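Trainee: I am new to this structure and would like to learn how its features are read. Could we begin with a single residue and then widen the view?

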Amino acid sequence: MNQEIVSVQHRSSLTTRTACQQHYFLLILVASAPAYFDRRRDIRQTWASDSSINPRWKTIFMLGQTRNSNHSKQLLREEAYYGDLIRADYFEDYWNQTLKIEMGFEWAAKYCNFTFLLKADDDVFVNTPALLSLLDNTKTPKTGLYLGHLYKHPRVQRKGKWLVTQEEYNETHYPDFCAGPGYILSQDVIVSFVNIFNNISKFRIDDVYVGMLAKEAGVIPRHHAGFQTPPYVSRTCVLLTDTVVRHSAVGSCLRDLFRKAMPALNATAVKN
């Protein structure tokens, strides 16, 4: 357990106190919604698991609360069976993702030992061998790292889905940030972010909020072409040679990408 920020009370809406049982080179936190049982199943059956004797990575799903009583009961069974859920006490909503980021980062900082953290959404494919190779590379910084698909000097949208009012944010541009579907942070950055949660006002666009934390902490976001987001040149489910994390990959697309990326693995892993 990381002692730097452990306190009696949680700083976020986190309710889980279960700790990791070992150090992980890579901790993967997947933001998921309670109703997406199928997405979590497909991820577990494809890229999520390291089945080696001494696993280098671990995948955890981050979930809020649901008002659907049947889903609540299913989630209790899911957690009892897999033991890979961390929970918070807020109710799920599309614009509550910042609360999920905070509770996930706090859990990682307080209850798990790791070197790198990948925050991912439940609609991405993660090419874990390629990601581990990237992180093992001597040129990849082991501290101060915030890496993904970089949006540099992004303009604030005043209309459309991502509209933000002047009252919410009165600047014309956001701080640089990495796209929310998947980005890497080193352990020291996670700790520094948790320590300044109270310094930054909550913002409903979660990846922008992480960029705000980075600016406050003096962490510079970096771009890597392997973190891929739509629109894609091809509308089909294509695995590019440099794919590390690919957004918009669920169901059959996710399973196809997994087979293409790791053909040597036992195909039965995706048939159950």
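This is a predicted model: local features need pLDDT of at least 70, side-chain atom pairs count only at pLDDT 80 or more; totals for chains, interfaces and linings use all residues.

Trainee: Where is T229 placed, and with which residues is T229 in contact, leaving aside its neighbours within four places in sequence?

Mentor: T229 sits in the loop between β9 (227-228) and β10 (245-247). Once those neighbours within four places in sequence are set aside, its contacts are H149, Y151, A179 and H247.

Trainee: How many residues does the largest nonpolar core have, and which have the most contacts inside it?

Mentor: The largest nonpolar core has 47 residues, and F105 and W107 are those with the most contacts inside it. Among the elements that give two or more residues to this core are β1 (23-31), β2 (57-65) and α5 (187-195), while α3 gives the most, with 7 residues. Leaving aside neighbours within four places in sequence, F105 is in contact with residues including L29, L117, Y183, I190 and V210. Apart from this core lies another, of 36 residues, including F25, L75, V126 and L257.

Trainee: What lines the largest pocket, and which element gives the most to that lining?

Mentor: The largest pocket, with a volume of about 840 Å³, is lined by 33 residues, of which Y94, D121, W162, D206 and D207 lie nearest its centre. β7 gives the most to the lining, with 4 residues, and the lining as a whole divides into 15 nonpolar, 6 polar and 12 charged residues.

Key. Residues are numbered from 1 along each chain as its sequence is written. Side-chain values use heavy atoms; hydrogens and water are left out. On a 1 Å grid over the protein atoms alone, a cavity is a set of points where a 1.4 Å probe fits but cannot get out, and a pocket is an open set with protein on both sides within 12 Å along at least five of seven lines; lining residues have an atom within 4 Å of a point. Grid points are joined across faces, edges and corners, and a volume is the space filled by probe spheres set on the points. Ala, Val, Leu, Ile, Met, Phe, Trp, Tyr, Cys and Pro count as nonpolar, Asp, Glu, Lys and Arg as charged, and the others, Gly among them, as polar. Contact means heavy atoms within 4.5 Å. A nonpolar core is a set of buried Ala, Val, Leu, Ile, Met, Phe, Trp, Tyr and Cys residues joined through side-chain atoms within 4.5 Å. Buried means under 20% relative accessible area, exposed over 50%, partly exposed in between (1.4 Å probe, protein chains only).
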